[in-house]
Amino acid sequence: MPVMNINLFSITLRYGIDCMVVLPENLKKGEKLKCLWLYHGGSGDHTAWLYHTPLVELAEEKHFAAVLPNVHESCFVNMNIGDAFGTFVGKELPSVIWNMFACISGERQDNYIAGFSNGGYGCLHTALSYPQKFAGVGAFSAGDKADSDFSSPAKQKSRLLLFGEGDLHENDYGLTHLAGKLLTENVDKPRIFHACGGKDPWLMQNHILRDYFTAHPGFDYTYDEIPELGHEWKFWNEELKRFLDFLHLSLIHISEPTRRSYI
């Protein structure tokens, strides 16, 4: 089964950056795969999903592609002081991948994003910023950064680098702000699957986000909580599987597979 680490030069970032691409073993000629874009947490990188989940087995069993970008500690946004990772993951990288891999569908209805922790916030930020590109989002342990506590000196520095000094509820770093803008626009909105462990230390922030979306029926929103689990891979493993079920990415049997070039 192909698992590739790709180093590509980003026009947006102006330097080379890594991402992983996972493909199922056998494809029909001319087939277009559904694609799951997976975002890592704040302390990890693009390999985290490979090391901690059966992603390779799931991609083979359910027959989809996966792309895992590395954005360091950027939260997948255009940093206030730093690089434009939000533009990279939402605009440039999909275009590069869809052009590089003929077997990966570039259609909106075939592309989904998921992530955990900072990547959970990040995947919601990307989906709400680029609703024309992604049909569904799975946000695990994903509160809105607008509701985070930045009171410590270290967190204040991080906030300045990432988001600046403005009220995040009133700018495009805030998830509810982005969602509110979408509600006023005549565009297809991504389906949202949001989950948090009952023992997660940031459960309150997730509940705030849950309460916003449940109060705004303009979104197709589902919330899931596992009371006995926290901010941990056991939880994210389970929710990845539940998200795939939510998307109806079930087992597909392919008759007479034809091996072909992936690129």
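Biologist: Where does Val-77 lie, and is Val-77 buried or exposed?

Modeller: Val-77 lies in the loop between S4 and H3; helices (H or I, at least four residues) and strands (E, at least two) are DSSP runs, numbered from the N terminus. This is a predicted model, in which local features need pLDDT of at least 70, side-chain atom pairs count only at pLDDT 80 or more, and totals for chains, interfaces and linings use all residues. Residues are numbered from 1 along each chain as its sequence is written, while side-chain values use heavy atoms, with hydrogens and water left out. The relative accessible area of Val-77 is 0%, and buried means under 20%, exposed over 50% and partly exposed in between (1.4 Å probe, protein chains only), so Val-77 is buried.

Biologist: Which residues does Val-77 touch, not counting those up to four places away in sequence?

Modeller: Contact means heavy atoms within 4.5 Å. On that criterion, Val-77 touches Asp-83, Ala-84, Phe-85, Gly-86, Tyr-121, His-125, Leu-162, Phe-163 and Tyr-173.

Biologist: What is the value of phi at Phe-76?

Modeller: Phe-76 is found in the loop between S4 and H3. Phe-76 is buried because its relative accessible area is 1%. Its phi is positive, in a residue other than glycine, and is near 70° for Arg-14, whereas for Phe-76 phi is near 65°.

Biologist: Is Arg-14 buried or exposed?

Modeller: The place of Arg-14 is in the loop between S1 and S2. Its relative accessibility is 59%, so Arg-14 counts as exposed.

Biologist: What distance separates the C-alpha atoms of Leu-27 and Cys-103?

Modeller: Leu-27 lies in the loop between S2 and S3, and it counts as buried because its relative accessibility is 2%. Leu-27 and Cys-103 are 76 residues apart along the chain, and their C-alpha atoms are separated by 8.1 Å.

Biologist: Where in H3 does a kink lie?

Modeller: The bend at a residue is the angle between axes fitted to the seven residues ending there and the seven starting there. By this criterion H3 has a kink of about 40°, shortly before the proline Pro-94, at Glu-92.

Biologist: Which elements do the buried residues of H3 pack against?

Modeller: The buried residues of H3 include Phe-85, Phe-88, Val-89, Glu-92, Leu-93, Ile-97 and Trp-98. These buried residues pack against strand S1 (3-10), strand S2 (15-22), strand S3 (35-39), strand S4 (65-69), strand S5 (111-116) and H4.

Biologist: With which residues is Trp-98 in contact, leaving aside its neighbours within four places in sequence?

Modeller: Trp-98 is found in helix H3. The C-alpha atoms of Trp-98 and Cys-35, 63 residues apart along the chain, are separated by 10.0 Å. Trp-98 is in contact with Trp-37, Ile-104, Ser-105, Gly-106, Asn-111 and Lys-133.

Biologist: Which residues have the most contacts inside the largest nonpolar core?

Modeller: A nonpolar core is a set of buried Ala, Val, Leu, Ile, Met, Phe, Trp, Tyr and Cys residues joined through side-chain atoms within 4.5 Å. The largest has 54 residues, and its largest share, six residues, comes from helix H3 (residues 85-100). A second, separate core of 30 residues includes Ala-66, Tyr-112, Phe-243 and Leu-247. In the largest core, the residues with the most contacts are Trp-37, Ile-97, Ile-104 and Phe-163.

Biologist: Which residues are closest to the centre of the largest pocket?

Modeller: On a 1 Å grid over the protein atoms alone, a cavity is a set of points where a 1.4 Å probe fits but cannot get out, and a pocket is an open set with protein on both sides within 12 Å along at least five of seven lines; lining residues have an atom within 4 Å of a point. Grid points are joined across faces, edges and corners, and a volume is the space filled by probe spheres set on the points. The largest pocket has a volume of about 800 Å³. Of the 33 residues that line it, the closest to its centre are Gly-42, Cys-75, Ser-117, Asn-118 and Lys-145.

Biologist: Which element gives the largest share of the lining of the largest pocket?

Modeller: The elements that give two or more residues to this lining are helix H1 (48-52), helix H4 (118-129), helix H5 (153-162), helix H7 (203-214) and helix H8 (233-246). The largest share, six residues, comes from H5.

Biologist: What is the volume of the largest cavity?

Modeller: The count comes to one cavity of 30 Å³ or more. Among the residues lining the largest cavity are His-40, His-72, Cys-75, Phe-76 and Asn-118. The volume of this cavity is about 30 Å³.
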